[in-house]
Amino acid sequence: MVNVLIIGAGGQIPEVLIPLLQEQANLKLTLFGRNATHLPYTDIAKISGDASNLSDLINAMQNQDIVYMNFDNKSVTEMVIRAMSQTGVKRIIQAGVLSVYGEVSEPFATWNSRMMGGTVAHNRGIEALEISDLDYTYMRMTWLYNGKGSDYVASPKGEPFLGVQISRRAIAQFVLDNITGKRNDIKASIGLWEPGSENKPKPDFY
């Protein structure tokens, strides 16, 4: 049995991801968030707590194998890393943002920079993960929407970021693929976008 802790379990990606993980017979889920005990899932452990509080995190991480963190904040990521170090958990998958390296290509780069307020996203979890000893996967996600497609392009660090959009369902599929071993993106910062969305000036839904 593989124990998976979801931090920020009330978010929109977990809403898609949790049912997919529940279908896996060899996974046991724990949901963690400010109001996790009120989430509408059955037969899952739920722990309400603050992800910026070390003791809350340590409590939630007992006996966990994999952490999925559904948001990107450098200071909170540093606290999660501390808690993982103290509890012996090594594997983390974090939902992050594009442009942490200024890697977004034109024509999308101009629109994305205007919307995000700059060409580089600062104070992100990847800055802490890359200097840690964890087996991390940082997802540099392009602009998200609620669609049914589950296909994704996974682009490693060092390659231009080309795609303008991706469904939350596809992000959930990427996370599932890493948790179940279909993929093994260890110590990796992966750009994620929808096939066919390359080289557009902006997402279709804007």
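**Figure 1. Helix H4 and its packing against strand E7.** The buried residues of H4 (residues 108-116) pack against strand E7 (143-145), where contact means heavy atoms within 4.5 Å. These buried residues are Phe-108, Ala-109, Trp-111, Asn-112 and Ser-113; buried means under 20% relative accessible area, exposed over 50%, and partly exposed in between (1.4 Å probe, protein chains only). Helices (H or I, at least four residues) and strands (E, at least two) are DSSP runs, numbered from the N terminus. As a reminder, an α-helix has 3.6 residues a turn, so residues three or four places apart point the same way. Gly-117 follows H4 and has a positive phi, near 85 degrees. The model is predicted, so local features need pLDDT of at least 70 and side-chain atom pairs count only at pLDDT 80 or more, while totals for chains, interfaces and linings use all residues. Residues are numbered from 1 along each chain as its sequence is written, and side-chain values use heavy atoms, with hydrogens and water left out.

**Figure 2. A nonpolar surface patch that includes Met-116.** Met-115, Met-116, Phe-205 and Tyr-206 make a nonpolar surface patch of about 360 Å². Accessible areas come from the Shrake-Rupley method with a 1.4 Å probe, and for residues only the protein chains shown count as cover. Met-116 lies in H4 and counts as partly exposed because its relative accessible area is 30%.

Figure 3. E10 (188-193) is mostly covered, with six of its six residues buried. Ala-188, Ile-190 and Leu-192 point one way, while Ser-189, Gly-191 and Trp-193 point the other. E10 pairs in the parallel sense with E6 (residues 135-141) over five bridges, and antiparallel with E8 (residues 153-156) over four; two strands pair if DSSP finds at least two bridges between them. Look for Leu-192 in E10, which stands opposite Met-141 and also opposite Ala-154.

**Figure 4. Pro-195, in the segment after E10****.** Pro-195 counts as partly exposed because its relative accessibility is 40%. Not counting residues up to four places away in sequence, Pro-195 touches Asp-151, Tyr-152 and Val-153. Ile-81 is 114 residues from Pro-195 along the chain, and their C-alpha atoms are separated by 33 Å.

Conventions:
Patch = residues over 30% accessible without salt bridge, like charges linked within 9 Å, V, L, I, M, F, W, Y side chains within 5 Å. Salt bridge = Lys/Arg side-chain N within 4 Å of Asp/Glu carboxyl O.
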